[in-house]
Amino acid sequence: MLETERVSFIFADARELYDDALEMLAQNRLRNAADKAWGATKRATDALILARTGEEPRTSGQTARLLRQLRGGDPSLEHLRLRYGARQYFLHGRAFYDGVLEPAEDIIRDVRETIDYIRDAEQMAAV
């Protein structure tokens, strides 16, 4: 698969995970919605990194490290890097792993705002 096709495929996967997160919200399965939203966040970030570097991260640690490196050369990525870290902590760590689902309104907002993160990553990938 060509690199540009792979980037498009990963962004499409991020959007599919986001749709799954919304479905989980509709079923009142907040923990699973948080996990799907985190997965969408990671995949969108992976696609951005692949588009910018030609390297596809495999782990969330690699993703965070490569995003920090990219930010060093492009300060406009700082906001996305901070959002990535916050989403990893709250959606993946606290909500999914620790099962801390309060306040529910915050988690629901974070899940719904995942589409904004995906769109921002897509725009940054096109730079």
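## Helix packing and buried residues in a predicted model

Leaving aside neighbours within four places in sequence, Pro-57 is in contact with Lys-42, Asp-46, Ile-49, Gln-62, Thr-63 and Leu-66. The model in which these contacts occur is a predicted one. Pro-57 itself lies in the loop between H2 and H3, and because its relative accessible area is 3%, under the 20% limit, it counts as buried. Its C-alpha atom is separated by 9.1 Å from that of Thr-45, a residue twelve places away along the chain.

Helix H2 covers residues 30-53, 24 residues in number, and reaches 34 Å from its first C-alpha to its last, which is close to the 34 Å expected at 1.5 Å a residue. H2 is mostly covered, with 17 of its 24 residues buried, and it is followed by Gly-54, whose phi is positive, near 85°. Helix H3, residues 60-73, has 14 residues that should span 20 Å at 1.5 Å a residue, and the 20 Å between its end C-alpha atoms therefore agrees with that expectation.

Which residues of H3 are buried? They are Thr-63, Ala-64, Leu-66, Leu-67 and Leu-70, and what covers them includes H2 and helix H4 (78-97).

Thr-41 has its place in helix H2, and since its relative accessibility is 0%, Thr-41 counts as buried. Leaving aside neighbours within four places in sequence, Thr-41 is in contact with Tyr-84, Arg-87, Thr-114 and Tyr-117. Met-124, in turn, is found in helix H6 (residues 114-125), and its relative accessible area of 16% is under 20%, so that Met-124 is also classed as buried. Not counting residues up to four places away in sequence, Met-124 touches Leu-48, Arg-52, Asp-74, Ser-76 and Leu-77. For one of these, Asp-74, which is 50 residues from Met-124 along the chain, the two C-alpha atoms are separated by 10 Å.

| Helix pair | Packing angle | Distance between axes |
|---|---|---|
| H1 and H2 | about 165° | 8 Å |
| H1 and H5 | about 150° | 10 Å |

The angle of about 165° makes H1 roughly antiparallel to H2, because angles over 145 degrees are classed in that way. H1 passes H2 in a left-handed crossing, and by class the contact of H1 with H2 has 19 nonpolar, two polar and seven charged residues.

How are H1 (residues 3-26) and H5 (residues 104-112) oriented, roughly parallel or roughly antiparallel? The angle of about 150° is also over 145 degrees, and H1 and H5 are therefore roughly antiparallel to each other. The crossing of H1 and H5 is left-handed. In this pair, Tyr-18, Ala-21, Leu-22 and Leu-25 of H1 meet Ile-108, Val-111 and Arg-112 of H5, a contact that by class has six nonpolar, no polar and one charged residues.

Methods
Residues are numbered from 1 along each chain as its sequence is written. This is a predicted model: local features need pLDDT of at least 70, side-chain atom pairs count only at pLDDT 80 or more; totals for chains, interfaces and linings use all residues. Side-chain values use heavy atoms; hydrogens and water are left out. Axes are lines fitted to C-alpha atoms, for helices over the stretch in contact, and angles run from 0 to 180 degrees between N-to-C directions. Helices (H or I, at least four residues) and strands (E, at least two) are DSSP runs, numbered from the N terminus. Angles under 35 degrees count as roughly parallel, over 145 as roughly antiparallel, 65 to 115 as roughly perpendicular and the rest as oblique. A crossing is left-handed if the near helix is turned anticlockwise from the far one by less than a right angle, and right-handed if clockwise. Contact means heavy atoms within 4.5 Å. Ala, Val, Leu, Ile, Met, Phe, Trp, Tyr, Cys and Pro count as nonpolar, Asp, Glu, Lys and Arg as charged, and the others, Gly among them, as polar. The expected span of a helix is 1.5 Å times one less than its number of residues. Buried means under 20% relative accessible area, exposed over 50%, partly exposed in between (1.4 Å probe, protein chains only).
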